[in-house]
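Trainee: Could you walk me through this model? I'd like to start with the overall picture and then go inside.

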Amino acid sequence: PLMLSATAPSGGRGAEGRGSSRSPPGSPPTAAMRSEPLAQAASLLEEATDLLVLHRDFAAAVERCEAGCDSLGPGTSPERCERPPGLSAEVKCSLCVVGIQALAEMNRWREVLSWVLQYYHVPEQLPPKVLELCILLYSKVRDPQVMLEVGSSWLTDQTNKSLPEYGSLLELYLLHVLLPLGQFEGAEELVRGCGVFDSQQQLAFLGTICESRCQWAQQEEMQLAPFCSCTLGALSQKLLTVLTLLRRALRSMSSHFYLFPYKKMLLATFLLYLVVVRLDPGTVLRFQIFKILLWLQKIK
């Protein structure tokens, strides 16, 4: 299964021992809609977590997550770079985490990034936990290309560089996005340009990049080997066919040469020499050769 680890907000109640006032899983969240936005979102998060983990009703879990994110308001916009403060941001992040896992369980992983960005608008605003899950998800389904620009935008943002999770996310981006895509130059520039790694860590990462580059080259050689062998095999077959035809032609010519007696061949060669070299250049060569051929016909 694609489900990772479901995350509940700090201070939230567990799956057991919750009050009976909550609406049962699968019912419309009408009671929660009458609460305050933050309490409403927290209640929807609890329902979504139950639906995901206990009841495995993934579609209903996504609906609860969407309702919870909508209850918190539009959040940040592309023009404003403030982050939602405090517990509201934590609840919103947890709702997105549960929604990502529910979408992945329904094999709707292609919708995950666009689904998340409708609540955070720009990649730079993604919480570290959400970005981590997106990188791991698209790496697991072998489509890391999706996270190439998103991860680069997040890592180059100056505000994100001060976060404590920046180093671990940078390492995750290198290992699960850049190196699988063969982006070795970009990986080296990112390692040398960041300020979170010391010299030893930089050397270790540069060694990992070099090793991955060698493995990438070996895989390309292994993929090209069957094509090269087939090409060489076809060329060898054509060369063998040409040599066979040439051998047959030489054998046929030699069989025709054997029909003439040895002395007659020498005499004909000597007469041709006289006509071409020793006789008067004004003599018609074609007429002389014709006379020699008639003479050879009479001797035969």
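**Overview and core**

Mentor: Happy to. Of the chain's 300 residues, 33% count as buried, meaning under 20% relative accessible area with a 1.4 Å probe, protein chains only. This is a predicted model: local features need pLDDT of at least 70, side-chain atom pairs count only at pLDDT 80 or more, and totals for chains, interfaces and linings use all residues. Residues are numbered from 1 along each chain as its sequence is written, and side-chain values use heavy atoms, with hydrogens and water left out.

Trainee: How many helices and strands does the chain have?

Mentor: There are 11 helices and zero strands, taken as DSSP runs (H or I, at least four residues, for helices; E, at least two, for strands) and numbered from the N terminus.

Trainee: Which residues have the most contacts inside the largest nonpolar core?

Mentor: Val-130 and Met-147, in a core of 60 residues. Helix α3 (residues 86-105) gives the largest share, 10 residues. Such a core joins buried Ala, Val, Leu, Ile, Met, Phe, Trp, Tyr and Cys residues through side-chain atoms within 4.5 Å.

Trainee: And what does Met-147 touch?

Mentor: Leaving out residues up to four places away in sequence, Met-147 touches Leu-113, Leu-131, Cys-134, Ile-135, Tyr-138, Tyr-173 and Val-177; contact means heavy atoms within 4.5 Å.

Trainee: Switching to α6, which of its residues are buried?

Mentor: In helix α6 (residues 148-156), they are Leu-148, Val-150, Gly-151, Trp-154 and Leu-155. They span an arc of only 170 degrees around the axis, so they lie on the same side of α6. The arc uses directions from the helix axis to the C-beta atoms.

Trainee: What covers them?

Mentor: The cover includes α4 (112-120), α5 (128-140), α7 (166-178) and α8 (184-193).

Definitions and conventions. Buried means under 20% relative accessible area, exposed over 50%, partly exposed in between (1.4 Å probe, protein chains only).
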